[in-house]
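Please examine the sequence and the structure shown below. The briefing that follows describes how selected parts are arranged.

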Amino acid sequence: MAALSGKVVQNVFIAQFYQQNRQFGTQYQRDICVPYMRALPPFHGGKLAWTSNSSMQMRKLLKYQNGFVNRRTFYCNAASSATAIPSLDKVDFLKLQNGSDIRGVAVSGVEGEPVSLTEPVTEAIAAGFAAWLLDKKKVDASRKLRVSIGHDSRISAQKLQDAVSRGIASAGLDVVQYGLASTPAMFNSTLTEDEAILCPADGAIMITASHLPYNRNGFKFFTSDGGLGKNDIKDILERAASIYSNFLAKGYSVKASESVKKVDYMAVYTSDLVKAVRKAAGNIEKPLEGFHIVVDAGNGAGGFFAAKVLEPLGAITSGSQFLEPDGMFPNHIPNPEDKAAMKAITQAVLDNKANLGIIFDTDVDRSAAVDSTGRELNRNRLIALMSAIVLEEHPGTTIVTDSVTSDGLTSFIEKKLGGKHHRFKRGYKNVIDEAIRLNSIGEESHLAIETSGHGALKENHWLDDGAYLMVKLLNKLASARASGKGVGSKVLTDLVEGLEEPAIAVELRLKINQNHPDLKGRSFREYGEAVLQHLGNSIASNPKLQKATVNYEGVRVSGFGGWFLLRLSLHDPVLPLNIEAPSHEDAVKLGLEVSAAVKEFQALDTSALDKFVQP
Ligand SMILES: O=P(O)(O)OC[C@H]1O[C@H](O)[C@H](O)[C@@H](O)[C@@H]1O
């Protein structure tokens with residue numbers, strides 16, 4: 001069996017601890033477990049060094065066990081933590097690529113999900129990034145590059161942060177740790193000019209797996225040009241694979257990084273957000289005075305928004321929930337696309353009679369809002385709202401969105417707001433890159449936004465930033481009140497007046513069984529493309545349906561007063577099917593057309609569609 005490092009063992013223990021103690025409820029977890037987790041002991045030269053603080057917390061933990069946790073497991077794990085040098089398995093690095101991110105399993109304990117982001121793998125990836133950055137920046141030897149590192153609230157964050165730091169330092173670059181941070185703040189650190197806080201960083205790494213389960217983690221990389229794309233990630237992983245093969249050949253040992261510096265960059269980032277709202281409101285110190293705004297951070301990294309952004313601006317934030325970081329996400333998945341998450345923030349708004357609710361995903365690059373009546377301002381509605389704000393500032397501009405946006409949104413942007421809707425592909429990086437491309441060929445675009453809650457503005461360096469989207473809403477609230485044009489979230493709701501919304505909007509995800517003989521040696525992508533090709537051909541001869549003339553992804557078709565889009569998922573062996581229609585019957589008619597066209601593809605699991613269309 002592979003030897004585990006001390007910290008891996010601790011994380012296993014923490015995971016087990018949480019699972020076994022769910023019945024204690026969230027308050028217990030907040031009081032006892034979270035402080036403990038935040039204080040994972042430092043890792044010195046491969047040996048664990050407990051600080052007095054953490055041993056105190058361990059004692060506290062034991063005291064509170066109360067029979068819920070198996071003491072033997074606890075001591076046993078703590079004792080085995082002395083085994084510090086991980087043994088190395090062969091690794092397929094390219095399998096860790098997830099579009100323009102890297103993602104893997106960082107905590108063991110979930111059946112069928114072995115740890116892929118071990119410390120040596122992580123260190124190799126970080127060293128791969130360092131090598132890529134050195135090539136890209138082509139600096140002379142007189143200047144040392146520096147890399148900022150931040151993480152979300154995941155329980156593996158500390159372990160990975162240490163390994164990333166070692167990987168960067170081993171390549172001779174300076175490491176600046178930010179601790180708990182948001183993804184957009186990490187990108188921002190490559191743009192901030194302030195030597196006193198060691199900025200700009202030449203490169204930034206965010207340790208996050210967005211809304212995925214607690215055992216996962218991953219990395220997003222930035223330079224001042226923005227987030228790295230797919231090809232760069234592949235390049236980094238190839239470099240990492242070769243660094244890792246050196247570990248295999250020469251042996252791997254954990255060496256403490258000497259040149260790690262720490263900066264409270266979130267203080268800088270949040271004060272910039274505060275300044276932006278004050279400026280938009282005409283330099284008023286507390287432009288949100290009297291507004292009651294509740295925040296739901298889902299125990300991710302976004303809790304800062306209440307105390308560090310809203311309160312300095314004068315807002316009341318009582319009733320805000322799940323602000324404290326907790327990598328087990330005990331309350332709901334931090335994801336504005338998740339129904340339970342949206343229900344939780346809506347309830348908080350109604351219970352607290354708040355003016356507005358704001359919700360973030362784990363690493364704060366996505367967001368959504370809820371108005372004072374409990375109406376969700378997410379998906380197409382959030383895009384409509386942001387478009388209304390941006391088109392007031394930039395009349396006629398092009399709004400770039402993802403592919404699953406509604407037809408109602410197009411007519412809203414084009415007929416009501418006088419803008420242009422460019423419906424492009426799914427994927428935040430795709431929409432941002434497309435908006436940048438349009439500007440470069442002379443078509444003005446100021447907003448790139450997805451139904452997922454990702455959004456970036458030209459005025460904000462095309463930074464994919466959920467917190468900045470919410471700042472734009474706050475600006476609107478503050479400036480409307482200052483100019484006597486309205487008070488409260490009705491100002492926002494009024495801006496989406498006239499957006500036509502379908503009675504039925506569903507997304508059904510049809511899985512491709514990669515082990516099915518019908519693939520005949522093809523990859524799931526090739527198989528998915530064959531399904532799409534076949535569907536496209538069969539639609540062409542169907543008089544009841546019209547294929548979209550302009551379409552960048554999958555097969556988009558109008559009919560029965562609605563539309564459907566079947567496309568390949570960006571990451572998974574899945575064909576997501578979106579259907580919108582004026583009634584359930586019409587949606588079923590559209591579903592039946594898809595069903596008839598794809599039925600011969602035996603490796604496609606159509607059970608979700610079959611269920612939807614059944615009488
Ligand atoms: O293609 P799908 O499986 O629906 O996933 C698409 C989504 O994947 C990730 O969550 C990205 O962050 C989003 O930008 C993207 O829209």
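Leu273, Ala276, Val277 and Ala280 in helix 9 meet Ala467, Val471, Leu474, Asn475, Ala478 and Ser479 in helix 15; two residues are in contact if their C-beta atoms, placed from the backbone, lie within 7 Å. The model is predicted: local features need pLDDT of at least 70, side-chain atom pairs count only at pLDDT 80 or more, and totals for chains, interfaces and linings use all residues. Residues are numbered from 1 along each chain as its sequence is written.

**Helix 9 and helix 15**

- The contact of helix 9 with helix 15 comprises 8 nonpolar residues, 2 polar residues and no charged ones (Ala, Val, Leu, Ile, Met, Phe, Trp, Tyr, Cys and Pro count as nonpolar, Asp, Glu, Lys and Arg as charged, and the others, Gly among them, as polar).
- Helix 9 (residues 265-280) packs with helix 15 (residues 466-482) at an angle of about 25°, and their axes are 9 Å apart.
- Helices (H or I, at least four residues) and strands (E, at least two) are DSSP runs, numbered from the N terminus.
- Axes are lines fitted to C-alpha atoms, for helices over the stretch in contact, and angles run from 0 to 180 degrees between N-to-C directions.
- Helix 9 and helix 15 are therefore roughly parallel to each other (angles under 35 degrees count as roughly parallel, over 145 as roughly antiparallel, 65 to 115 as roughly perpendicular and the rest as oblique).

**Helix 5 and helix 8**

- The axes of helix 5 (residues 119-137) and helix 8 (residues 230-250) come within 7 Å and cross at roughly 125°.
- This angle makes helix 5 oblique to helix 8.
- Their contact contains 14 nonpolar, 1 polar and 3 charged residues.

- An open sheet is formed by 6 strands in the order 21-22-23-24-20-25, with antiparallel pairing (two strands pair if DSSP finds at least two bridges between them).
- Strand 21 (546-547) and strand 25 (604-605) stand at the edges with a single partner strand each, so one side of each has no neighbour in the sheet.
- Helix 17 (residues 524-540) packs on the sheet, and its direction makes about 30° with that of strand 22 (555-559).
- Strand 23 (residues 562-566) and strand 24 (residues 574-581) run antiparallel and are joined by 4 bridges.
- Tryptophan 563 stands opposite glutamate 580 in strand 24.
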